[in-house]
Amino acid sequence: MTNAFNTQLRAQQEWSWLLAIWLFLGGTGSGLFLLFLLLGLPAYFAVIALGFVLSGGVILLLELGSPLRAWRTVFRPGTSWLSRGVFFVFFFIVSCFLSIAPAFEIFSWLPWSETGLLAKLLGWIAAVCALMIILYPAFFFHSTSLAIPFWNTPLLPLLFVSYAVLGGDGIVLLTASYASHIPAQVGLLAIILIALNAVMIAIYLLTMDRAGGSAKESVGLLNRAPLRWIFWVGVVALGLIFPLLGILFMAPAASTAGACILIGGVLFRYCVLKAGVYVPPALVADVTDWSKLNRTSSDFAREYAGMTAQRTSRPR
């Protein structure tokens, strides 16, 4: 009942570092597998990708807490994007493992080869699952948090895809100093993705700021301590600008650039989570999208007072 009269803007506090690490591991591992398939990277990169996605699954179970809660979450694929995501992870693990297993001597007894039709088919099945692992968190946020406009935008899935592939590229750069058979286009791809992410982040923040209401407040949180330092220093400077300069002008610093890209990827997900601001429950109850109007908390209070007066004056 109290929430029905609450018109204050409130940042979400439920999701923090643990969920950010889950998003990073699942997205980066999936992005690395896509690069493995598209660029013909050595098989050990697929193993790294598999390890990242598996680790992300463990982190998700820790986030869910009790086994009963995890069980209920998994077996609701008809209504829950989180449940569908668990199935995407499962099918990715199986198809990814079976597609790369013949590349290792210990699995030489398998009746198909790493270059055979079945291995290629399994690889593309794993690729589709990897893409869905990247995308489904954005759909999950949209379906479960309609009251947070900062997450309800088509730009978020695009950013998740771009950051996932950039993270995969960061792992390749990180190993570039001692890895063999690394394609020359890996550095160029990183430059393109860094520039693309910077542009999309700028458009994302500008769009949210102009939307007003809780979306504008989310942008405000990114410009106030403590998120200001994490976003501008960690995400923008360390995660985008420094790697870009390193790849362009200091080729031997590719490994350092890769590490910075990965750190920036974790911090980006954390900032997206912590900047989520709810539309006041009183306004959500009236099914009015006030987030698109440039209103302050006092404006919300005045609007709600007017709506309450109208209701009490209606004849019964």
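Predicted model: local features only at pLDDT ≥ 70, side-chain atom pairs only at ≥ 80, totals over all residues.
**Entry 1: α7 and α8**

I looked up how helix α7 (residues 185-211) sits against helix α8 (residues 213-222). Their axes come within 6 Å and cross at roughly 130°. Angles over 145 degrees would count as roughly antiparallel; α7 and α8 are therefore oblique to each other. I noted the crossing of α7 past α8 as left-handed.

I then listed the residues in the contact. From α7 they are L205, M208, D209 and A211, and from α8 they are G213, A215, K216, V219 and L222. By class, I have six nonpolar, one polar and two charged residues in this contact.

**Entry 2: the largest cavity**

I searched the whole structure for cavities of 30 Å³ or more and got two. The largest has a volume of about 140 Å³. It is lined by 16 residues, and W22, L23, G26, G27 and I133 are the closest to its centre. Two or more lining residues come from each of α1 (17-39), α2 (43-64), α5 (117-144) and α6 (155-174). I recorded eleven nonpolar, four polar and one charged residues in this lining.

**Entry 3: the second largest cavity**

The second largest cavity holds about 70 Å³ of space. I wrote down its lining as F150, I201, Y204, L205, L222, F231, F268, C271 and V272. The elements giving two or more residues here are α7 and α10 (254-274). The class count is nine nonpolar, no polar and no charged.

Conventions:
Residues numbered from 1 in each chain as written. Heavy atoms only, no water. Axes fitted to C-alpha atoms, helices over the stretch in contact; angles between N-to-C directions. Helix = DSSP H or I, 4+ residues; strand = E, 2+ residues; numbered from the N terminus. Parallel < 35°, antiparallel > 145°, perpendicular 65-115°, else oblique. Left-handed = near helix turned anticlockwise from the far one by under 90°. Contact = heavy atoms within 4.5 Å. Nonpolar A, V, L, I, M, F, W, Y, C, P; charged D, E, K, R; others polar. 1 Å grid on protein atoms, 1.4 Å probe; cavity = no way out; pocket = protein on both sides within 12 Å on 5 of 7 lines; lining within 4 Å. Points joined across faces, edges and corners; volume = space filled by probe spheres on them.
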